[in-house]
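Here are a few exercises to work through with the model open beside you. Try each one before reading its solution.

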Amino acid sequence: KNPRLQKSAMMKKFDADFELDRAVLIASMWCYGYYHWAVECVPRLSMVREFLLQNPDVVIINYNPPSNNLYFVYLLLGLEKVRFVAYTPSLVYRVNELIVPTATAGGRAN
């Protein structure tokens with residue numbers, strides 16, 4: 001038996017909570033807290049900013065900012081709140097094309 005085929009068949013058992021066409025994954029293990037959000041997630045988002053501005057159909061999977069009043073940081077980057085899909089670790093996300101920017105030095109959680 002081919003273990004790769006078995007794993008693939010196992011994965012098909014799960015239904016996706018979110019089905020997305022194109023997305024950038026910014027969320028990482030600790031980005032729900034202010035410090036990691038500010039020093040890891042925001043810099044990673046700035047790495048793909050130009051790509052996101054040129055591709056308005058791409059959504060961004062990330063934790064919500066630790067405080068709602070911090071959404072202005074996304075606006076400063078030219079990204080509207082409607083482009084963000086709130087990341088929840090217990091949900092399954094199926095994405096046709098996923099871009100994962102290199103993790104910053106802080107945690108390398110992904």
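**Exercise 1.** Is Phe18 buried, partly exposed or exposed?

*Solution.* This is a predicted model, and the values below are computed from it. The relative accessibility of Phe18 is 29%. Buried means under 20% and exposed means over 50%, so Phe18 counts as partly exposed.

**Exercise 2.** Work out how the rings of Phe18 and Tyr93 are arranged, then follow the contacts of Tyr93.

*Solution.* Start with the count: there are seven aromatic pairs. In the pair of Phe18 and Tyr93, the ring centres lie 5.1 Å apart and the planes meet at 5°, so the arrangement is stacked. Tyr87 itself is partly exposed, at 24%.

**Exercise 3.** Which residues do ring pairs link into a cluster, and over which ring does the charged end of Lys81 sit?

*Solution.* The cluster is made of Tyr34, Trp37, Tyr71, Tyr74 and Phe84. The charged end of Lys81 sits over the ring of Tyr71, at 4.4 Å from the ring centre.

**Exercise 4.** Trace the network of salt bridges that contains Arg22.

*Solution.* The structure has four salt bridges. Take the partner Asp57 to begin with: the closest N and O atoms of Asp57 and Arg22 are 2.9 Å apart. Asp57 is in the loop between α3 (49-54) and β2 (59-62) while Arg22 is in strand β1, so this bridge ties together parts 35 residues apart in sequence. Now turn to Glu97, whose salt bridge with Arg22 has its closest N and O atoms at 3.5 Å. Glu97 lies in strand β4, so this pair joins parts that are 75 residues apart in sequence. Together, Arg22, Asp57 and Glu97 form a network. For accessibility, Arg22 is buried at 18%, whereas Asp57 is partly exposed at 43% and Glu97 is partly exposed at 38%.

**Exercise 5.** Which residue forms a salt bridge with Glu19?

*Solution.* The partner is Arg94, with an N to O distance of 2.9 Å. Glu19 lies in strand β1 and Arg94 in strand β4, 75 residues apart. Glu19 is exposed at 58%, while Arg94 is partly exposed at 38%.

Notes: Residues numbered from 1 in each chain as written. Predicted model: local features only at pLDDT ≥ 70, side-chain atom pairs only at ≥ 80, totals over all residues. Heavy atoms only, no water. Phe/Tyr/Trp six-rings, centres within 6.5 Å; stacked < 30°, edge-to-face > 60°. Buried < 20%, exposed > 50% of the residue type's maximum accessible area, 1.4 Å probe, protein only. Lys NZ or Arg CZ within 6 Å of the ring centre and 35° of its normal. Salt bridge = Lys/Arg side-chain N within 4 Å of Asp/Glu carboxyl O. Helix = DSSP H or I, 4+ residues; strand = E, 2+ residues; numbered from the N terminus.
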